[in-house]
Amino acid sequence: MSEKVKAPKEPLFSKKNKRLVVEPLDDNNPVTIQVLGICSALAITVSIEQALVMTGSVLFVLGAGNMIISMLRNLIPSRIRIIVQLVVVASLVIIVNEVLKAFMPDVAEKLSVFVGLIITNCIIMGRFEAFAMANKPWPSLLDAIGNTVGYGVILVLVSVFREIFGSGKFFGITLFGDRIEGTGAYSVGYMDNNFIILAPFALFAVGIIIWIQRARNTKLIEEH
Amino acid sequence: MAINKDSNGYTFIFAIALVVVVGAGLAAISIGLKPFQDKNVEIKKKMDILSAINAKEINGSDTLDISRKNAEKLYEKHILVDECVVIGSDGKERDLEAFDVDIKKQYRDKNLSWCDRDYPLYVAEVDGAKKYIIPVVGSGLWGPIWGYIAVDDDKETIYGATFDHKTETPGLGAEIKQEFYYTQYVGEKISGGIKSVKDGTGKEVGNGKVDGITGGTITSKGVEEMVNRTLEVYVKYFKG
C-alpha cells in the first residue's frame, strides 16, 4: 500500500483512521476500559523486558491476524467464522513461538506457556470479530496497532512498578544494591516487597490505573 | 460472485482449503526453524553440563558466568570430548556418543528397564585435574527433575552438583535449584550413597547426609533416589 497511489476516497491517515489508533490508548483502552487481556497483564508483568516482548508478540499476532481476517472477510462462511478466526490466531501464535524458540531462547523460556496463551487473549478474538470482520485491511491494521499499544502501555506501566519495587531492578539493572549481600539500600533495612511479584498485585495495579484514568478523564465514568 | 456462501459445500471447501494452506505453511516454518532450535537445545545442555564444574569464562580481569554466548567456547575448553563414554548398568562401556544420549527420554520410556538404559559420562578438565560429570534424572513431586554431578579425579569425592526441575512447587520443591541446596553435595563420597535428612539444626548434615528442603520432602526424596540409583552404576564403572 504505497502512499503515492492516490487514495480513491479517504486519505491513509484520515481523521477517522487516526482515531482508530488514538482511541484505544485512552478512551477505549482494551485493558482498563474493555477489561480484556487481563490474564496476560497479571502473568507477565513481573519484568519490563517480558512485558515488551509480550507486547511485540501481540502486535505481530493482532496486526497480521486483523489484516488476514479483513482480507478474507468476504470469503469466510459466517457459520464457521469463529473457528476460522481461531485457526488464524493459533497459526500466528505458533509462528511467534517457533521464532522465539529459534532466536530468543532465553525469552522463550521465561515466557514459556504465556506465548501459547496469546491465543486466549480476548483482545485478539475481540478485534477480529468486532472490527476486522467488517472493515478493510488498512483500517484493521491501524486498529490492531492502536489496541496493542493501548495494551502495551498498561503492561509496561504495571511492569515498571512491579520490577522496581518487587525485584529492585529496572530493565534488569539493580537499583538498590545487592539483596543477597545486603549492600546499598538493603544495608539500612530496605526490603523488596515480595507481594508485588505475585500475580494478585498486578490486579491491584491495574485497578489503581483504572481509578487514576477515570479520575482524570471524567467522560469514562458510567451513569448510575 | 454467484457462490452461495452459506451452502454446506462452500463451507466445507473453505474449511478444507484453510486447513491445507495453514498446515503446509506451519510445517514449512517448523522445518525451517528446526536447526536453530536444535542448536539452542544443544547449547542449553552444554550450559547445564558446565554448571556442574562451575565453569567460568575468564576474560582479562573479568570472570563471566556461563551464558549462551560463551557455552560453546567453555565446553570446548573444559570437556574432553574424546574421553567421554557411555556405560551400561553393568558398568561396561557402550559404543555410543555421550552427548547424543537423551537420558530424560530413556527415563520416560516405560518399556526400557533401568538396566537397559545408557549412562553417559562426561570427562572435563579443570585447572589440569580431571573431573567426571554424571548426568542424573528422576522424578520429583509433580514432574521430572534432573541434574549433573561432578566427581573429582579420585573418582570418589563430589566436586560440584547442580539440579533442575520442570514443575516443582516454587518456594518448596523448586528450591533444589538453589545454591544452598546443591552445594551440600560438594565433598560427599559417591560410594556410600547420599541420604536426605530432616535436620533443623544443621548438626547432622555431612558425612553422606544432606538436609532436605522443608516442605519439599517428596522432591528431596526424589533427588535422593535419583542420585543414589545413578551413582551406583558409575561407582561400579569407576571400580571396574
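Mentor: Gladly! We begin with the elements: helices (H or I, at least four residues) and strands (E, at least two) are DSSP runs, numbered from the N terminus. On that basis, the elements of chain A run α-α-α-α-α-α-α-α-β-β-α-α from the N terminus on, and they come to ten helices and two strands. Keep in mind that this is a predicted model, where local features need pLDDT of at least 70 and side-chain atom pairs count only at pLDDT 80 or more, while totals for chains, interfaces and linings use all residues. Residues are numbered from 1 along each chain as its sequence is written, and chains are lettered from A and ligands numbered from 1 in the order in which they are written.

Trainee: What makes A134(A) count as exposed?

Mentor: A residue is exposed if 12 or fewer other C-beta atoms, placed from the backbone, lie within 10 Å of its own, buried if there are 20 or more, and partly exposed in between. A134(A) has 11 such neighbours, so it counts as exposed. You will find A134(A) in the loop between α7 (122-130) and α8 (137-167) of chain A. By the burial rule, 33% of the 224 residues of chain A count as buried.

Trainee: Which residues of α1(B) and α2(B) make the contact?

Mentor: Two residues are in contact if their C-beta atoms, placed from the backbone, lie within 7 Å. I43(B), K46(B), M47(B) and L50(B) take part from α1(B), and A71(B), E72(B), L74(B), Y75(B) and H78(B) from α2(B). These residues divide into six nonpolar, one polar and two charged. For those classes, Ala, Val, Leu, Ile, Met, Phe, Trp, Tyr, Cys and Pro count as nonpolar, Asp, Glu, Lys and Arg as charged, and the others, Gly among them, as polar.

Trainee: What makes α8(A) oblique to α10(A)?

Mentor: The axes of α8(A) and helix α10 (residues 199-216) of chain A come within 10 Å and cross at roughly 120 degrees. That angle makes α8(A) oblique to α10(A). Among the residues in the contact are F161(A) and R162(A) of α8(A) and F201(A) of α10(A). By class, the contact of α8(A) with α10(A) has nine nonpolar, no polar and one charged.

Trainee: How many residues does each chain give to the contact between chains A and B?

Mentor: Chain A gives 17 residues and chain B gives 17 residues. On the side of chain A that touches chain B, α4(A) gives the most, with ten residues. That side of chain A has eleven nonpolar, two polar and four charged residues.

Methods: Axes fitted to C-alpha atoms, helices over the stretch in contact; angles between N-to-C directions. Parallel < 35°, antiparallel > 145°, perpendicular 65-115°, else oblique.
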